Amino acid sequence: MGLGPPVLCLYKFMHDQGMLDGLDSVVEIGSQEYDMKLPEYDLLLERICGQLGRPTPPGRDPETGRYKGPARDFYELFGCRYAALDIDARFGSIAFDLNYDTIGDDLRQSSGLTTNLGTTEHVFNQHNCFRTIHDLTRPGGLMLHVLPMHNYVNHGLFSYSPVFFDALAAANDYEPIGLWMNAKPLFNLLPMARPRFPLERTMLFALLRRTDDSDLVMPLQLSNPMLVHDSMEARYGTTERRDKKGTPRGLRHHGAVHVDLESLESQLLAPDDARLKKMLKLLT
């Protein structure tokens, strides 16, 4: 999926919340690019970079008018060391096969922000994918996943559920920052990732923080009255954290992220906010 307008809007919110303060390194799973496909998207990129005190990255095509280029150009404008891992090695990425390869000591815990922007759904070995992301990220670092959730037919090998990231966070003691979704036409609105889901193709956003130095633990989802056999219990710390209403427990930002396209003000709208309800009507 790459670095498009919804991701830019989330980055604006993260910046306004202080989550990117002191960020010095980014590692991406997949050789990513930024790609602005419509004139209003170009304007968003220019205005967000301008408001953050950075020049717009190069790459405007004189014929199409679109901004398109390696994501490295975007992140390096913000002073971040950058690396990307992919099997195709585009854009200077490190050759890495997510089905088989493991992180070496040179990259282990090297990343302050590790992104998975539409990559792991194309890889069969899901355990190795999420172990790779875990091993890359330093304790205290952020992991951002932007992946297919709903109605992405004929795209990728997998689509993801919010419960997947609840379980991943619980098993590994990640701090769950936010779970949002995004669908056309409101690329600047990220509602909470819970039913009812929009009719459009919908992406899932999961933002987690690694909190300790432990190895990756594979999650286990249990339904009552299932119990783990005594001989296997030590493998698992806990299962996913949700209350009876289906809300992930411990989620820091349980609300809808919205970026006003005129002022570029980012805000968190509560689930019962009248403005949010009005916008959601456009998606269902």
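No disulfides are counted in this structure, a disulfide being a pair of cysteine sulfur atoms within 2.5 Å. The model is predicted, so local features need pLDDT of at least 70 and side-chain atom pairs count only at pLDDT 80 or more, while totals for chains, interfaces and linings use all residues. Residues are numbered from 1 along each chain as its sequence is written, and side-chain values use heavy atoms, with hydrogens and water left out.

**Cysteines**

- The sulfur of Cys49 lies 12 Å from the closest cysteine sulfur, that of Cys9, which is too far for a bond, and Cys49 is buried at a relative accessible area of 0% (buried means under 20%, exposed over 50% and partly exposed in between, with a 1.4 Å probe and protein chains only).
- For Cys80, the closest cysteine sulfur is in Cys49 at 13 Å, again too far for a bond, and Cys80 is buried with a relative accessible area of 8%.

**Positive phi values**

- Gln109, a residue other than glycine, has a positive phi near 55°; Gln109 sits in the loop between strand S5 (94–95) and strand S6 (111–117), where strands (E, at least two residues) and helices (H or I, at least four) are DSSP runs numbered from the N terminus.
- Gln109 is partly exposed, with a relative accessible area of 27%.
- Asp173, also not a glycine, has a positive phi near 55°, and Asp173 is placed in the loop between helix H5 (162–172) and strand S8 (175–183).
- Asp173 counts as partly exposed at 43% relative accessibility.
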